[in-house]
Amino acid sequence: MCTIGDGAFQMLGMNELLTVKRHWREWENPCFIVLVLHNGDLTQVSWEMREVGDPRYDTSQLVEDMDYAGYAGLLGLRGITVKRPEEVEDFWEQAFAADRPVVLDVHTDPNVPPLPAHISFDEAKGFLSTLLKGDPAESAVIRNSARAMAAQLFAKAKDAVTHDDTTQP
C-alpha cells in the first residue's frame, strides 16, 4: 500500500502506475493499493508556509484537478473515487478484495491542518501571522484547526477518564 498526496502523485506517482501496469500480472498477489489524498493543493507545503507566517498562494499551491480513479481505469487497474467519509470503509473493503491493483481517489479537505500534536511557539506565532496576512482559506483553516484541537482535547479527556476508572477499586 502507498499513501500519496495528489500533488506528489501528479509529479511522480502517475508515472509509476505505468510500471505497475506493466508488471502486476507477474505478481503472486496483485493486492496493491495507492491511496491518493485528493484535495487540489500542495498541502504539506501550504501548511509549512502558514507555519512560518506566509499565506498560501493559489498560483503556486493549487494542483490541477484530475480523475485519478479514471486514470487507473485507463491503465487496466481498478479505480475507486471516495467523496464522502461514510464511504471510506466500504471502499477499503473493495480495494482489498480486488483482483488487480487499485487507486483509491479519496477527496479530502486541504484546510485540515496536518500539524503535529505539539507545535512550537514560533510555529504557532507564524500560523497566527499567516491569518493576519489574509490566507485565502482563512475561515476554513480556523474552523478546521479549532476542530482538530477540540478532538485532541476530547481524546485526552477521554483517556484521563478511562485511566482514572481503571485505577480505582
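Author: Helix H1 (residues 6-23) lies across E1, strand E2 (33-38) and E4, and it runs at about 130° to E1. Contact here means heavy atoms within 4.5 Å, and axes are lines fitted to C-alpha atoms, for helices over the stretch in contact, with angles from 0 to 180 degrees between N-to-C directions. Helices (H or I, at least four residues) and strands (E, at least two) are DSSP runs, numbered from the N terminus.

Reader: And which strands does H5 touch?

Author: H5 packs on the sheet, touching E2, E3 and E4, and its direction makes about 175° with that of E3. This is a predicted model, in which local features need pLDDT of at least 70 and side-chain atom pairs count only at pLDDT 80 or more, while totals for chains, interfaces and linings use all residues. Residues are numbered from 1 along each chain as its sequence is written, and side-chain values use heavy atoms, with hydrogens and water left out.

Reader: What is the strand order in the sheet?

Author: The open sheet of 4 strands has the order E1-E2-E4-E3 with parallel pairing, where two strands pair if DSSP finds at least two bridges between them. Its edge strands, each pairing on one side only, are E1 (2-5) and E3 (78-82).

Reader: How many bridges join E3 and E4?

Author: E3 and E4 (residues 102-107) pair over 5 bridges in the parallel sense, and Gly79 has Val103 in E4 as its bridge partner.
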